Amino acid sequence: MNLPRAFEEKMKHLLHEEYEDYIRCFDEPRHFGLRVNTNKISVEDFLKIAPWPLQPIPWIRNGFYYDGEHIHPAKHPYYFAGLYYLQEPSAMTPADRLPVEPGERVLDICAAPGGKATELGAKLKGSGVLIANDISNSRAKGLLKNLELFGIGNMLVLSEEPGKLTEYFTEYFDKILIDAPCSGEGMFRKDKKMVKAWEEHGPGFFSKLQRSIITQAASMLSPGGSLLYSTCTFDASENEQVIEYLLSQYPEFELCRIEPYEGFAPGIPELSSSGNDSLSETVRIFPHRMRGEGHYLALLKKGNREESGAGQREKKKVSKGTVKAAKLPEELAAFWKEISWELDASRLDIHGERIYYMPEDLPDMRGIRFLRSGLLLGELKKNRFEPSQALAMCLKKQEYSKILDFSLGDERIMKYLKGETLDVEDKTSAKEKGWYLVCVDGYPLGFGKLAGQTLKNKYLPGWRCQY
């Protein structure tokens with residue numbers, strides 16, 4: 001592989017005697033990774049049903065290698081059930097090492113296409129709120145699909161400049177992840193086109209952007225909260241020097257030790273202007289040391305800035321949605337008899353026919369560009385309610401009363417995923433008409449509407465399988 005001379009010289013200086021080992025890894029095959037969605041299935045239960053051989057990624061609890069040359073997990077019904085996400089192994093590390101707990105307020109500030117955001121949302125276990133933002137509207141659409149596929153309803157998907165978010169979320173978040181736009185040196189082995197992009201926009205271009213993003217994020221983190229910064233590049237100006245800059249601007253931050261793995265390399269304080277020894281607490285991932293492409297991580301905690309009184313979280317006006325009634329709309333209430341969840345009517349937000357269920361304790365966010373605010377429950381039609389694909393993916397089989405559960409080998413599974421009408425004749429008993437949750441081996445795929453022995457397919461057209 002032809003690497004830019006400037007890049008080669010930099011890596012020689014960075015790696016010293018390890019440089020030849022690094023160069024040899026370009027002749028090795030790439031690694032393919034799969035991360036289990038623990039919001040839907042435990043790792044133990046997934047391994048019982050996994051259709052292919054998997055090998056554990058040793059530093060990721062729910063991560064596995066698979067043979068990407070011969071198997072295609074994105075074409076499997078379990079993928080459409082949201083049981084896993086396909087992700088490069090080293091890229092799984094940032095969300096794994098950010099210690100998110102259920103009930104917290106979490107921000108993924110550069111979130112598309114969703115590899116980190118889906119894991120953060122799974123960690124929340126349906127409580128608290130995940131705000132996933134990406135400045136690119138087109139990329140944010142893919143982010144939204146992946147979050148909905150994963151069954152994450154307590155989320156907002158935004159498409160804004162990070163600087164604008166600071167106007168709404170000052171010291172609001174408990175945890176923030178920044179997987180920053182970068183020069184992508186860690187992707188050279190995986191994607192040769194990244195070399196040309198590096199030559200057009202190298203580390204100097206991105207380091208300025210990264211410094212802006214990390215300081216904006218710092219102002220949105222609550223005192224006592226944690227921030228994880230990551231890139232998929234090796235350049236110190238995008239890594240150690242960005243963290244050094246943050247610490248100079250926000251002295252109340254301190255670096256934290258990242259849960260170790262034997263293949264991790266420490267950050268290099270000598271690459272900063274200050275030589276701050278604490279930068280060795282950051283982590284570098286190199287492809288010649290472990291089976292991953294490359295990453296940099298820094299975990300920081302925000303202390304109280306006593307002189308500014310920043311130790312108290314600012315009280316913000318909370319948006320409660322547009323429905324103030326003490327009960328649900330009649331059409332929704334009639335449908336909701338089939339679901340075991342309890343809904344708080346004050347958290348409903350109705351826009352035209354669409355009805356959303358909002359996370360709790362949100363600030364007033366008028367003026368922000370949304371792709372999705374909360375969980376889209378469905379649409380209010382004349383005298384009826386039509387449930388959404390997003391709702392189907394949030395449900396578990398035992399939470400809905402009308403189920404059509406097909407085994408993996410049933411040909412009707414692929415027909416359903418392609419949008420076809422299904423024959424569901426049951427010779428032992430007739431089924432009641434209405435909305436049914438279609439499942440594969442007990443895991444929801446979407447809704448269908450049954451009349452007689454025929455299921456009208458309601459699988460979302462934009463998600464349908466093309467294989």
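**Pockets and salt bridges, a quick chat**

Biologist: How much space lies in the second largest pocket?
Modeller: The second largest pocket holds about 670 Å³, counting the space filled by probe spheres set on grid points joined across faces, edges and corners. A pocket here is an open set of points on a 1 Å grid over the protein atoms alone, where a 1.4 Å probe fits, with protein on both sides within 12 Å along at least five of seven lines.

Biologist: And which residues are closest to its centre?
Modeller: K125, G126, S127, G153 and N154, out of 36 lining residues (those with an atom within 4 Å of a point). Helix α13 (389-394) and strand β24 (443-451) each supply at least two of the lining residues; helices are DSSP runs of H or I, at least four residues, and strands are runs of E, at least two, numbered from the N terminus.

Biologist: Before I go on, what kind of model is this?
Modeller: It's a predicted model: local features need pLDDT of at least 70 and side-chain atom pairs pLDDT 80 or more, while totals for chains, interfaces and linings use all residues. Residues are numbered from 1 along each chain as its sequence is written, and side-chain values use heavy atoms, with hydrogens and water left out.

Biologist: OK, what volume does the largest pocket have?
Modeller: About 1,000 Å³. Of its 38 lining residues, A112, P113, K116, R139 and D179 are the closest to the centre. Elements that each supply at least two lining residues include β1 (32-36) and α10 (203-220).

Biologist: R139 sits there, you say. Which residue does R139 form a salt bridge with?
Modeller: D134, with the closest N and O atoms 3.8 Å apart; the rule is a Lys or Arg side-chain nitrogen within 4 Å of a carboxyl oxygen of Asp or Glu.

Biologist: Is D134 buried or exposed?
Modeller: Buried, at 7% relative accessible area, while R139 is partly exposed at 42%. Buried is under 20%, exposed over 50%, partly exposed in between, with a 1.4 Å probe and protein chains only.

Biologist: Switching topic: how many salt bridges does the count come to?
Modeller: 32. One of them joins E259 and R61 at 2.5 Å, N to O. That pair links distant parts of the chain, 198 residues apart: E259 is in the loop between β10 (253-256) and β11 (265-266), and R61 in the loop between β2 (55-56) and β3 (63-66).
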